[in-house]
Amino acid sequence: MADAPQIPDEADVRARWGNFAWTPENAEQAAKIIARYPEGRQQSASMPLLDLAQRQVGAQTNTQGWLPVPVIEFVASQLGLAYMRVYEVATFYTMYNLTPVGKFHVQVCGTTPCMLRGSDDVLAACKARGLSKGHTTADGLFTLNEVECLGACTNAPMVQINDDNFEDLSYDSTLALLDALAAGKPVKIGPQIDRQTSCPEGGPTVLKEMVTENHDYRGEWQ
Amino acid sequence: MPKLTVDGIEIEVPAGSTVLQACEAAGKEIPRFCYHERLSIAGNCRMCLVEVAPGPPKPQASCALPAMEGQTIRTDSPMVKAAREGVMEFLLINHPLDCPICDQGGECDLQDQAVAYGRGASRFHENKRAVTEKYMGPIVKTIMTRCIQCTRCVRFAEEVAGVEEIGAINRGENMQITSYLERAVTSELSGNVVDLCPVGALTAKPYAFEARPWELTKVSGIDVMDAMGTNVRFDVRGRQVLRIVPRINEDVNEEWAHDKTRHVVDGLSARRLDKPYVRKNGKLAPASWEEAFKAVAAAAKSAKASVAAVAGDMVDCETMFAARELVHALGGSMLEGRQTGLAYDTSSLSAVNFNTGIANVETADVILLVGSDLRREAPLVNARVLKAVRKRGAKVFAIGPETELNYKVEWLGASLKALTNLPAHVADALKGAERPALIVGGGALRYAGAHGAALKLAADFNLVREGWNGFNVLHFAASRMGGLMLGYAFEGGIKAVAAEKPKLAFFLGADEVNFDLFADTFKVYVGHHGDAGAHAADVILPGAAYTEKAGTYVNLEGRVQRGERAVFAPGDAREDWAIFRALSDVVGKTLPFDNLDQLRAAMATAVPALGQQGLADYGWEVPNLPADPDADVADYPIKDFYLTNAICRASATMQRCSAELVHGETFAEAAE
């Protein structure tokens, strides 16, 4: 159970977040989300609303946001659901943070393809910049988590920071990325090497004749 | 009606049955953990795998598979055997081998099924997972490492108890069953999850480490904590009842019992009256039976015919009958059971009965509650109403101060005037209803005109029709209907009895009476607990609690049921009817029965319905009563669900429940 999130002290959280309410824009957005689902199926809106709430908490704390218990209860009451039902959802999905995170939520993929391609180096780079798994750095900038496959295996190893993927990382490029983020400099989203999305590195490796013109391979079939 | 073959046996099952039910119909045992007849189907334990053709060539979960025409099902094939062994091995991977210290040992589904369907050895050599204990309140003890995540408790909390406070949080390896934020579950039915839990994850906290199931003698009884007449089993070891669990009775309690029924048991061995007492110089002093009887006989002599009997909430019909016969023999006629002062008309028992029937309430489509806090007065009737709301979309309206019921209720205000002048939409709903039910509680009955107005409403809206009687009065004393059948109702109620200034009064376990009214009366308390009644008494004759005597009880719907004696009363205490029989000898008016059978025969002669178990037929007669209520329902009779009678008040468990769940005190958990 060591990996299970440790919910922060309830009394403090209630004092801080007990009077959570939507901002006017988010209230409008929430109404739109709820209207997507047929009458009597409002339970379906719990996931988008939790996401919206997490983002609002993030905006209010200048972090990536998390879901304090009173905020979960707020969402549940808005949908007329038992607190437990929404709490179950919030604890099930890893993209809902049950503990505060930093400004940059660094989620390193550690599943097999990334591991084989060097996610250990990425983690080592994070460690070199003072990040440790499951914790937020003292300056509140970075929170590091190791996550399961994020579906970008072609570009392994990769991390997801906030809503963006950073791919084809190495020890050095990870360091550079973290430094740029910490300094507030713009960063390149996607592959960190010279590569377009998930196209082959260094140009096509198969069907090369097709690059410039149509080519009939049928004659070459043996 | 699909026809299918199970292990070569051809059977026909009702449409909508599952394969598991079909297998059971064919007499085949299907092991299961998550499936439960009274809960929704989850299909997550995978223990009920069977081979089904036509279908994919792999075992299928029979609990969630509809039975179809022409299916061929095998429950005895090598594939099924291997599947069960595999599932069992997986379930046991994370299950601790702590059966020797587990309270579920001996009545554990996992234990039994591991023996019957398991491999016998595990191939798993890694570490097992461990889960921290969860706090679920004063009744349920959790050892969550044992949990196999069948989610029966989660479904029970939502579907039967109506409190969505138990759930499964996190996922995968980290999944845990817990109450919301590990708070106490605020349901009066929470103890049932202990019976539902197929393993030892949820066990009864007050019963922890008390006994092994095979040490216990099991005796059938009837619960007296409320007027439901819940069918229970007393589990006895030696001279003590150690545990009370429900028996299945579809018409009454299904297989549930509320927490008071289950855990009042420690109250049975505390504050007991185990010898007679006689008041001397203003103080109660222990006495022998002879001295006590002599004192009563002297009082009876001077009282002449001015004798009364007041029945408490938990007495059996035999006690009330014996007391009645003695009062009559002494020339008295004052009998009353409604201790707290209710004085409704009892000329027609059908007008004070729960006519719809407990089981039928769940088929009602519109329900109007009048002055009834259903959840506290009859939690299991409330569970039926919840079922009506959840399954059939019944609408519930209520007149009375708002109280926390666990389904959607439209409150019509506290004024009883609403009875004679229903809001238009409620009237329309009642008119349009096929099975409308009106439930009148003690909160309303105490006001003049309310009873008549409710009966008039029943007539106006045609609540009583062919095959359906929608008029109900909800009692919450186990002795009430029996008492009314035996004539324990004095015109004007207990105040009128007091106004007659009886010289001698027998209080049969009556503790809720305002004894100030009986200041000049020689009070004889026949009961089992040292509570209000004993404090006020001039003579105490120690009687037997409901576990210590065979008794007939009539529940709120007029169902006559008999319980058996599980243990003997402590010390010098005797069965109540025997006390009256012995006393009648001393006062020179010997009652004509020497044993329980003779008493029951005499009782059956006097009130034939009490001689036969089952629903008593009261017919349907409407007394002519004033129907002009002009009052607001101020409050409900039950202020503290856990402390409603002398036995609960003596129970440490019930006191703890009251402090924590009613008064909101918090308790630090002792470290184990």
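**Confidence and architecture of the predicted two-chain model**

In this predicted model, chain A has a mean pLDDT of 91, with 97% of its residues reaching 70 or more. Within chain A, the lowest mean pLDDT of any element, 88, belongs to helix H1 (residues 10–17), whereas the highest, 96, belongs to helix H2 (residues 24–35). For chain B the mean pLDDT is 93, and 99% of its residues reach 70 or more. The model as a whole scores ipTM 0.88 and pTM 0.92.

Chain A is divided into two parts, domain 1 (10–92) and domain 2 (104–191). The C-alpha centres of domain 1 and domain 2 of chain A are separated by 28 Å. Gly118(A) is found in the loop that links helix H6 (112–116) to helix H7 (119–128) of chain A. With a relative accessible area of 14%, Gly118(A) is buried. Between Gly118(A) and Ser198(A) there are 80 residues of separation in sequence and 17 Å in space, taken from C-alpha to C-alpha.

Strand E20 (residues 436–441) of chain B runs parallel to E23(B) and is joined to E23(B) by 4 bridges. Val440(B) has Val473(B) of E23(B) as its bridge partner.

In helix H11 (residues 424–432) of chain B, the buried residues are Val426(B), Ala427(B), Ala429(B) and Leu430(B). Viewed down the axis of H11(B), these buried residues fall within an arc of 160 degrees, so they line one face of the helix. The other side of H11(B) carries the exposed residues Ala424(B), Lys431(B) and Gly432(B). The cover over the buried residues of H11(B) includes E17, strand E18 (395–399), E20 and H13 of chain B.

A further open sheet in chain B contains 7 strands in the order E14-E13-E26-E25-E24-E15-E16, and its pairing is mixed. From one strand to the next, the twist averages 20 degrees. Strand E13 (residues 277–280) and strand E26 (residues 539–542) of chain B run antiparallel and are joined by 2 bridges; the bridge partner of Val278(B) in E26(B) is Val539(B). Helix H7 (residues 289–303) of chain B lies across E13, strand E15 (307–311), strand E24 (504–508), strand E25 (522–527) and E26 of chain B, at about 125 degrees to E26(B).

Strand E27 (residues 551–554) and strand E28 (residues 559–563) of chain B form a hairpin. These strands, E27(B) and E28(B), have 4 residues between them, and Gly558(B) in the turn has a positive phi of about 80 degrees. Their pairing is antiparallel over 4 bridges, and Val554(B) has Val560(B) of E28(B) as its bridge partner. Both faces of E27(B) are covered, with Gly551(B) and Tyr553(B) buried on one side and Thr552(B) and Val554(B) buried on the other.

Conventions:
Residues numbered from 1 in each chain as written. Chains lettered and ligands numbered in written order. Predicted model: local features only at pLDDT ≥ 70, side-chain atom pairs only at ≥ 80, totals over all residues. Heavy atoms only, no water. Pairing = 2+ DSSP bridges. pLDDT = per-residue confidence, 0-100. Buried < 20%, exposed > 50% of the residue type's maximum accessible area, 1.4 Å probe, protein only. Domains from an automatic or database assignment. Arc of directions from axis to C-beta. Contact = heavy atoms within 4.5 Å. Axes fitted to C-alpha atoms, helices over the stretch in contact; angles between N-to-C directions.
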